[in-house]
Amino acid sequence: MDKTREKMKRMLEEKEVSAILALRRNHGHPTPFLFTKAEELKDWVADEANRYPLTKLLIKIARKHQSDVIGIIVRGCEERSLVELLKNFQLRQGKVKAIGIACSQELANRCRCDQPFPSQVEEGQVAKPATDFSDLEEIEKLTEEDRFQYWMSQFGKCIKCYGCRNICPACFCPTCTLEDANLIKPGGMPPEIPIFHLHKAYHMADRCIDCGLCEEACPMGIPVRRLYRRVKKSVKDLFGYIPGEKEDEKGPLEFLGDGSYELPGAGK
Amino acid sequence: MNYETVLTTCTYCGCGCGLLLEVLDGEVVGTLPQKDHVINEGGACIKGWNAHEFIYHEGRLKHPLIRKDNSFKEASWEEALEVVVTCLKKIKEENGPDSIAGLTSARCTNEENYVFQKWMRAVIGTNNVDHCARL
Amino acid sequence: MTNSTPELEDADCILITGSNTTEAHPLVASRIFKAKEKGAKLIVIDPRRTQIARYADLFVRQQLGTDVAWINGLMHIILREGWENKEFISTRTEGFEELKKEVQNYPPEKVEEITGISKGDLRTIAETYAKAKKGTIVYAMGITQHITGTENVLSLANLAMLTGNIGRLSTGVNPLRGQNNVQGACDMGGLPNVYTGYQSVADEAVAKKFEEAWKVPLSRKPGLTIMEMFQAIEEEKVKALYIMGENPMVSDPDLHHVEKVLKKLDLLVVQDIFMTETAKLAHVILPGVSFAEKDGTFSATDRRVQRVRKAIEPLGEAKPDHEIICQLAQRMGGIDFQYDSVEEIFREIAQVTPIYQGITYQRIEEDGIQWPCRTPEDQGTLFLHKDQFSKGKGSFFPIPYRQPAEQIDQEFPFWLTTGRIGFHYHTRTMTGVSPSLQKEAEEGYIEINPFDASELGIEEGEAIKVTSRRGEIQIKAKLTFGVGRHVVFIPFHFVEGAANILTNTAIDPVAKIPEFKVGAVRVEKVEERMNA
């Protein structure tokens, strides 16, 4: 990753960006960190095993430092998230500079990622897309009744930690539908099922960039990503729309972004 | 502009989850579960995810308080510590060390618990030390 | 815990009792679900049908306070069927004959009558657990907060030893500790009878060691437990109480009594981060800091010593708790209370505490270490009792069943049990001011079986009156089949409608734990005022 590190260094030194958000080795663990000095970059890591929602974390930082241009290391999924966040005015055009890194084939396969690379990378071989829907197909083989039972049994484990939402790099509404007492009763472990999870799935249908962080964050092992992959697939089949692909294309379910959202938005 | 995440351990239940406190310009603004922690492996419960929320609550005690008549008055550390020390010394002299008792805390760190019981035992001279583990 | 949290996922039989695991210890529950996915059998024995109970291969409700009876009953069946681990019993244990004699008295018919668990279910549980290759027991306060708490725990240990389900990976008897550093507070000698690492204050050699380390003469007389302290305050034997970061005004049984007692003190000092119910009664309040403002270590429920790191400076004039204590100690003439860092305190802990001796900040820089860890080379201990028990052979304790301190009767016909919910923590000092948590559960409630509610004419959300021999509260009804007939449950977190106005102060004679899990109450509709 020497070339990437060199590029980050140059960007900081030449003040192309005020800082770069990436992962740093911290007491032996990769953790999010905002690099502001070139000499700090020796601790930068491009860790594959431990992904954090960097683009989402950037919202908080950018909101506080609106005039700064901030760099950010992105993988394919993170670039898609950036597209969504820019499109929905959570980040400002021109105030974010993405530095792309490629995922290994192993990571791409593990993630079943059909676009395991950003539009530009500094170095290395980009992985081949892993077009693998076997996880979905496995469930779709079941009868409707069995499928319902399967999901109810999965949702029943939910401890309402909101981790799937909190970590989601495409979730940013200032008021969350999952916390609206008119829609979902406060409290409860499990929360009201299946409505809690279906609400989220519907909400993510034209926004989910399929990074899989939600499923990684679920302490109860609920395969939520499968659910979002399913609705995402529906949106693609019905409307030909892929979230995170084009910045100038609005989601088909999008009645937001019409000015009713004020800048800067409030990501959770 | 300063943003870092500080590796720490959750302050709620005894599971011992690894958390990252997000610190933006000297202020804690969020919590993330540690991805590569042996216990929580990138997950957290709702308490863990919100472990930072109480930190800046307006109800936080920021000054020593001494009861005067029926209300509390802000006091300096010097004054408050002296009141405590004087009273404890007097009670110990008049009634012996076992007339003093201390509750240490299942929420404080090991180091804090250690100095607490050392203080009770070695300075005050009593083994009347317990905490709310039973409750 | 005798074993580690991650190990749970490789057990092939998990017996949970007295633990609402998903709500109180979610990240332990997470491992149990993983184990289940790998094919483990899950057995849940609890008066409440908890979230995890829905995933059990077998879930049974026991009558409140009858744990010793069903555990003895399981052992009875195991011995009758010859499912015990004979080799483990003969090589690793002592006292087997006495145990065998005692459990003879618990045939399934009798146990069914006491506990309400059917003979068939008892047999299934006994067989599943006894025949497991890696059977593990997980419990929490539902086992300990009884007058027979110690006996309950010893009974579970009997069961584990009888079947050889201890001293190996993914087995053991695993208490889940309720607070982040209960384990550490105990390890650090925050108990009246022991110094750090469970070294007895009455032991001459231990006392001498600490006298040498601390350079002062020390008392050999064990001190008072929290419940005994309150007793002694009432008798005017204890005049001053110093409370660091605890809130007995919500957490203790019979709150009316606690308040009366605390008001009798000549001096009550409370060191806390919030104006708690207890702090309101203090003469002096000293502001400590939150976990974000200090360095140190916590010890998790599986004996894992891990770092806490300072993220921000203390708010206002608040000081880290150890600094406050050290200053007090020095002002009172204490020597050796000058520490340059918390790491220096930790070094001293390691010096005087054999089970922590091999642990240094450097070694836990990246990841925690599980005690016992006795030398710099020692990697720590995943599970206890590997080749032998700490005192050599494991002792069986024959334990007869005793009834809970309070029974239901005509006047108080409902069983009351208390516990936690997942959105709050202990006395809500912190979670009550955390918007994301408070929003989920703003007020207390009582769980009541819909059949009982219907008989009493009580509807969902209605405020009802609950009375015990100690006091009465009004609280909203929540109708749920989670509790059985004639059992009600109240989460103890809330100040308004505090469960602990009702709870019994009867305590376990050994562990001095109050019987929070069993009480008798009356449940009534609130009479509507004529003009309402």
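Which elements of chain C do the buried residues of H2(C) pack against? They pack against strand S1 (13-17), helix H1 (21-24) and strand S2 (41-45) of chain C. This is a predicted model, in which local features need pLDDT of at least 70, side-chain atom pairs count only at pLDDT 80 or more, and totals for chains, interfaces and linings use all residues. Residues are numbered from 1 along each chain as its sequence is written, with chains lettered from A and ligands numbered from 1 in the order in which they are written.

**View 1. Helix H2 of chain C (residues 26-37).** Its twelve residues reach 17 Å from first C-alpha to last, close to the 16 Å expected at 1.5 Å a residue (1.5 Å times one less than the number of residues). Helices are DSSP runs of H or I with at least four residues, strands runs of E with at least two, numbered from the N terminus. Ten of the twelve residues are buried, so H2(C) is largely enclosed by the rest of the structure; among them are C:Leu27, C:Ile32 and C:Phe33. Buried means that 20 or more other C-beta atoms, placed from the backbone, lie within 10 Å of the residue's own. C:Gly39 follows H2(C) and has a positive phi, near 105°.

**View 2. Confidence along chain A.** Mean pLDDT (the predictor's confidence in each residue, from 0 to 100) is 91 for chain A, with 94% of residues at 70 or more.

**View 3. Domains of chain B.** Chain B is divided into domain 1 (3-49), domain 2 (61-95) and domain 3 (98-135), with bounds from an automatic or database domain assignment. The centres of domains 1 and 3, taken over C-alpha atoms, are separated by 28 Å.

Definitions and conventions
Contact = placed C-beta atoms within 7 Å.
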